[in-house]
Structures are given as C-alpha cells and as structure tokens.
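Q: Please guide me through this model, with a close look at one single part of it.
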Amino acid sequence: MKTVAITGVLGYSGRYIAAAAARRGWRVIGLTNSGGRLPNPGGYELRPLPWSTGQDVLAGVDVLVNTYWVRFSYTPGKGAAHEPFSHAQAVQNTLRLFAAAQRSGVGRVVHISITQPDAASELSYFRGKSELEAALQSTGLPHSILRPAILFGDTPDESILINNMAWSLRHLPAVATFGRGNYGLQPIHVQDFAELAMDEAESQSAHRIINAVGAETYTFRELWQQLARSMRLWRPIVPVPAELGYQATRVLGALMGDIMLTRQEIAGLSQSRLAVAGTTVGTRRLSQWMQQHAEALGRRYANELSRRA
Ligand SMILES: NC(=O)c1ccc[n+]([C@@H]2O[C@H](COP(=O)([O-])OP(=O)(O)OC[C@H]3O[C@@H](n4cnc5c(N)ncnc54)[C@H](OP(=O)(O)O)[C@@H]3O)[C@@H](O)[C@H]2O)c1
C-alpha cells in the first residue's frame, strides 16, 4: 500500500484529496497544525508540519500533496483571538516542507499553486506562489504543480467567495463589480480537483504543470448575474471604482468580524489572473451547482478568520 502525506488534510481541498486517496487504496497521513482543533472524520494518522517539529514527519511517505498556504497576510490587533500570518511566512514554511521532502526521500510532490503565478507581480500571493514553483522545480523531485483559480465545494459555505457573494445578494439592495467586472474566473469543483490531485500523485511523469480550471468561464459581472438568477433574486449590479468596492467589503467584513476581501485579492481578480486560456479539466459545472444549492447559498456568512480561531 502506498502512502500519501497531505498538508491541510483537515482543511478544504485537503479533506477531499484525502478522501479521494483513501478511495483509491492509499494510506493517508495528514500533516497539520489543526489536530484537536478541527474534526478528523477520516481517522487519518496526523503528524505535525515540519516547521513545527524536529521529527522526520515524511518518513516512509511515497507522495507529498501540499495544499498549505494562507489566503492573505494578516496582523491581528491587540487582544485578537488569531495568530498573525503572511504570504512571506507561508513561503518560508513551504520551503522547509520541500527541504524535508528531499531529506526524507519522498518520491513525488503534488503542489497546489494558483493560476498565473508571477515572479514580477506586485501581489505577494502570485509572487510567493511563483517563488515556490521555482523552488520545487529546483529540488529535482518528480512533481506536479496544479494551478486552480477558485474552488467550489459540496456545501455552499465551503466556497467562501461564491457563498459570500450570495450572502451579499440576500442582504444588500445592490451589489458591485470592482471596475467594470469584465475580468474572468474559472471555478473548479473540489471533487474534480481532488481526483486530479490523486491522478497526479499516481503519475509517472517527471514534472507537469496543469491549469486546474473548471468547465465554465465567467466574468465577475456574469458570476453575479448567474448567481442572482439561480437564487431568483433581482439586484442592480453597479460598477464602482475598485478602492470604493474594497472599502465597502472592509466595512461588511468588520461587521462580520472578518476580512471579506483584500485589496490584493481585488487586484488579482481585476487583472484577470483567475482565468487562463486553453484546456479545462473539471467537468462539474458551476451553473448547475448554483441551481442545486440556490436555497442554501448565502444563508450564512462564511467567515475566513473564524476558521483559524
Ligand atoms: N480555495 C480556493 O478557492 C483556491 C483558489 C485558488 C488556489 N487555491 C490554492 O489551493 C490550495 C488549497 O486551498 P484550500 O482553500 O484548500 O486551503 P485551506 O484549506 O484554506 O488551507 C490549507 C491549509 O493551510 C493551512 N492554513 C490556511 N490558512 C492558514 C493560516 N491563516 N494560518 C496558518 N495555516 C493556515 C491550514 O493547515 P492546518 O489545517 O494544518 O492548520 C489549512 O488546512 C492553496 O495552495 C491555495 O492557494 C485555492
């Protein structure tokens, strides 16, 4: 029986990848800092992440699947319940993970990146992801790099962006695009993504880079329109300057005790970094998913920060 170690095994995509691995007969080891904080319904063996321990946590591992990353950089105010986190720290931690994989003789790495990583970007998300892709390539370890744009999941509130757009449609008299809203997004269902990750875990190729994008492409404006149509709600969709839109999400986020979107995320969206030309790999369609989940979507706000508390 082959062994896969998965970072973020109790998180979003990591949970689905672990389930796909178990279905295929793999032994799953979870590398996580969330043991005891998050449920482990799969009953996976859990080990700490290599940057939190001196143990050889990758001993006996055939394939490492890395989902670890942080959505944005965050410095909590005094007395806040959360630890600080940042893209720069996530890059350093991931470099230590790759070094641990080399030391332990892991046979293959499946690393999750982002569409259009970019060493020259002013956005630390896309720059950090580019740095990590290059670092993984330079290890010489056989690897696959998967570049998703945005994931949607089995339950609405797993899909933070789409759920919170639905929540905004339910609670606000009008919604907005940052600028004209003509930039693209290519969401992939997390089950399609998990199967792809395990196909790559089982691949024999030396190195591959795959744009892990779904069957449908939307502009941001079209996503609002399709979501509102699925939910049978009518709301004006107003183009506003990106900074004004950001300030609105900042107020809403503060009211919900969260960070709804960051300036960098809005810039990444507006630069059309979440869409790519070429082949798509996901088959499940967001349009059908939005119809199936229309009743439940946006009933509750999906809070990023509370997932880390
Ligand atoms: N979700 C999307 O729509 C999307 C879109 C494009 C690309 N991606 C990429 O896909 C990968 C997986 O995404 P995901 O949504 O499945 O990730 P996730 O579950 O939110 O995070 C994966 C793991 O990273 C660790 N982590 C996340 N935020 C953290 C924080 N603030 N501080 C410390 N550790 C943190 C957690 O590990 P522990 O549980 O061990 O603490 C978590 O389980 C990432 O590389 C992401 O960049 C995701």
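How many helices and strands are there in the protein chain? In strand β4 (residues 63–66), which residues lie on one side and which on the other?

A: This is a predicted model, in which local features need pLDDT of at least 70 and side-chain atom pairs count only at pLDDT 80 or more, while totals for chains, interfaces and linings use all residues. Residues are numbered from 1 along each chain as its sequence is written.

The protein chain has ten helices and 13 strands; these are DSSP runs numbered from the N terminus, helices being H or I of at least four residues and strands E of at least two. With a radius of gyration of 19 Å, close to the 19 Å that the globule rule gives for 309 residues, the protein chain is as compact as a globular protein of that length. This radius is taken over C-alpha atoms, and the rule is 2.2 Å times the number of residues to the power 0.38. Along the principal axes, the C-alpha atoms fill a box of roughly 55 × 45 × 40 Å.

Strand β4 (residues 63–66) is covered on both faces. Val 63 and Val 65 lie on one side, Leu 64 and Asn 66 lie on the other, and all four are buried. In a regular strand the side chains alternate between the two faces of the sheet.

The strand has partners as well. Strand β1 (residues 3–7) runs parallel to β4 and is joined to it by three bridges; strands pair if DSSP finds at least two bridges between them. Within this pairing, Ile 6 has Val 65 of β4 as its bridge partner. Four bridges join β4 to β5, and these two strands also run parallel. Here Asn 66 stands opposite His 111 in β5.

Apart from its neighbours within four places in sequence, Leu 64 is in contact (C-beta atoms within 7 Å) with Ala 5, Leu 58, Ala 101, Val 106 and Val 109. In the protein chain as a whole, 76% of the contacts with a separation of 6 or more are between residues 24 or more positions apart.

Both Leu 64 and Val 65 are among the residues that touch the most other members of the largest nonpolar core, which has 72 residues; Val 4, Ile 6, Ile 17 and Ala 197 are named with them. Such a core is a set of buried Ala, Val, Leu, Ile, Met, Phe, Trp, Tyr and Cys residues joined through C-beta atoms within 7 Å. Helix α5 (residues 190–201) gives the most to this core, with seven residues.

Gln 116, in the loop between β5 (108–112) and α3 (124–139), counts as partly exposed because 19 C-beta neighbours lie inside 10 Å. Its phi is near 55 degrees, a positive value in a residue other than glycine. Ser 272, in the loop between α8 (263–270) and α9, is partly exposed, with 16 other C-beta atoms within 10 Å. The phi of Ser 272 is near 60 degrees, again a positive value in a residue other than glycine.

Notes: Buried ≥ 20, exposed ≤ 12 C-beta atoms within 10 Å, placed from the backbone. Contact = placed C-beta atoms within 7 Å.
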